[in-house]
Amino acid sequence: MRSTCRALVLLLPIVGCRCNQPTAPAAPGPQVVWVFEAPRPGAIVATPCVTSQAIFIAAAHSQGLNRTGAVYAVDPATGKARWTFDRDGQLLPTASSPLFVNDRLYFGEGMHGNFACRLQCLNATTGKPRWDFATNDHVEGGPVEADGLVLFPAGNDGLYAVDAMTGKPKWNFRADVHIDSSPVVSGNRAFAGTGKSRRFANYQVVCLDLKTGNPIWRTPVNLPAWGDPVCVDGRVYVGLGNGRLTESAHPPETPAGCLACLDAATGELLWQYPTGDAVFGRPAVVGERVIVGSRDGNLYGLRNGATENWMISMGGPVVAGVAVAGTRVYAVSVNGRIVCVDPSNGHVVWQHELARPGVEPQVFATPVIRGRRLYVAAEMATGQSSIVSLICFELPESEGNGQ
């Protein structure tokens, strides 16, 4: 394992806000504390799981035509790996964000093209397996825990719920749908979006009974619902869009996306806010505003339903979700522009660029904040290889307290 601390380039803001163009000098930005680099080339899509015990990251590695996965437990103080789990080289590539509950770590394996996959449960302290649960399709979305259950998507297998302690199955919602997004649980209900596969192309947002997995409502939408939903104050917000995570839709399709808002009780579609390309990341709800990024290159602040309050150009596609800490929101573009924004008016507090000469970042994972630390997972391409990296920043004194 290698852990290096490198000075990343800090640039002044050049982003624009439709409602409020910042003119004051930028506030001091974050400072790099450490950088973890995986020992093998590859990519990272999964959002890191940050705890006081360790930071857990799931990665996809490649060597020639061989593609495998690995999960790393990283020391929060030093950025050095404590353990690595790859199931003796047999773990499939993973895009599933790990979940930490009661010293257990849950994550899925497999991406499109993988079918015989697993949800894995490890001892979070040692990295040793506790149990695994076999599926017939990939587990791309991250698991969630509620009422002693772990819920997770499995593509054409739909949505599973298993006992968190034993891994024994409790229910499986399986229909003419393909589910890759991480579900969200609110009260006694679970919500998830559906997308497109070779077998199924029904675009829906579904609401299931948490105890039985029986559908309460299934609302059709006009685009694949790949985004991870959130449920706040009786509303479900979910990103929709076509194309793939890494590229826009190709002709004859036209790139399209939107943020959809549904009534959590009835499934009624209340409004949609259209964007120029897909919305893949989880939105953030801050007071009366919903903050969301789009692959069209913009970060949007919406208020009073589908009314745009402000818009910021991110200088590149945004597929990651938005992080919230205190009175600030944090977003990152695929090409590595990180911004800290005041959600009330769209003012850019500071901006930081991961790119530097000879290194091109790709960021698909949502940034995570814990205390005054900001964690950004990125694939750093050097031209010869792509390094799976986790960058730990110290935020300015006035920021932080996330999670």
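**Figure 1. Surroundings of Asn156 in the predicted model.** In this predicted model, Asn156 touches Asp137, Arg174, Val177, His178, Ser197, Arg199 and Phe200, leaving out residues up to four places away in sequence. Asn156 is placed in the loop between strand 12 and strand 13. The residue counts as buried because its relative accessibility is 12%, and the cut-off for buried is under 20%. One of the residues touched by Asn156 is Arg199; the two are 43 residues apart in sequence, and their C-alpha atoms are 7.7 Å apart in space.

**Figure 2. Leu159 in strand 13.** Leu159 belongs to strand 13, which covers residues 159-163. With a relative accessible area of 1%, Leu159 is buried. Apart from neighbours within four places in sequence, the contacts of Leu159 are Leu151, Phe152, Pro153, Trp171, Asn172, Phe173, Ile179, Pro183 and Leu208. For Asn172, one of these contacts, the C-alpha to C-alpha separation from Leu159 is 5.7 Å, at 13 residues apart in sequence.

**Figure 3. Thr68 in strand 5.** Strand 5 comprises residues 66-74 and includes Thr68. A relative accessibility of 8% makes Thr68 a buried residue. When neighbours within four places in sequence are set aside, Thr68 is in contact with Arg40, Ala59, Ala60, His61, Gly89, Leu91, Leu92 and Pro93. A separation of 27 Å is found between the C-alpha atoms of Thr68 and Pro224, which are 156 residues apart along the chain.

**Figure 4. Arg235 in strand 20.** Arg235 is located in strand 20, which runs over residues 235-241. Is Arg235 buried, exposed or partly exposed? Its relative accessibility is 31%, so Arg235 counts as partly exposed, a class that lies between the 20% and 50% limits. Beyond residues up to four places away in sequence, Arg235 touches Val230, Cys261, Leu262, Asp263, Ala264 and Leu270. The C-alpha atom of Arg235 is separated by 23 Å from that of Val318, 83 residues apart along the chain.

Figure 5. Asp147 has phi near 50°, a positive value in a residue other than glycine. Its loop runs between strand 11 (144-146) and strand 12 (149-153). Asp147 is exposed, with a relative accessible area of 66%. Phi of Asp233 is likewise near 50°, again positive in a residue other than glycine. Asp233 occupies the loop between strand 19 (230-232) and strand 20. The relative accessible area of Asp233 is 73%, and the residue is therefore exposed, the cut-off being over 50%.

**Figure 6. The cis peptide bond between Pro251 and Pro252.** Pro251 and Pro252 are joined by a cis peptide bond with omega of about 10°. Pro252 is found in the loop that connects strand 20 and strand 21, the latter at residues 257-263.

**Figure 7. The second largest pocket and its lining.** The volume of the second largest pocket is about 170 Å³. Its lining consists of 15 residues, and those that lie nearest the centre are Tyr237, Val285, Gly287, Glu288 and Val290. At least two lining residues are supplied by each of strand 20 (235-241), strand 22 (269-275) and strand 25 (298-303). By class, the lining contains 8 nonpolar, 3 polar and 4 charged residues.

**Figure 8. The protein chain as context for the close-up views.** The chain has 0 helices and 34 strands. For its 403 residues, a compact globule would have a radius of gyration near 22 Å, and the value of 20 Å for the protein chain agrees with this. The C-alpha trace spans about 55 × 50 × 40 Å along its principal axes. Of the 403 residues, 59% are buried. The accessible surface amounts to about 15900 Å², and carbon and sulfur atoms account for 49% of this surface. Among contacts between residues at least 6 apart in sequence, 49% join residues that are at least 24 apart.

Conventions. Residues numbered from 1 in each chain as written. Predicted model: local features only at pLDDT ≥ 70, side-chain atom pairs only at ≥ 80, totals over all residues. Heavy atoms only, no water. 1 Å grid on protein atoms, 1.4 Å probe; cavity = no way out; pocket = protein on both sides within 12 Å on 5 of 7 lines; lining within 4 Å. Points joined across faces, edges and corners; volume = space filled by probe spheres on them. Helix = DSSP H or I, 4+ residues; strand = E, 2+ residues; numbered from the N terminus. Nonpolar A, V, L, I, M, F, W, Y, C, P; charged D, E, K, R; others polar. Rg over C-alpha atoms; globule rule 2.2 N^0.38 Å. Buried < 20%, exposed > 50% of the residue type's maximum accessible area, 1.4 Å probe, protein only. Contact = heavy atoms within 4.5 Å. Areas by Shrake-Rupley, 256 points an atom, 1.4 Å probe, with all protein chains shown as cover.
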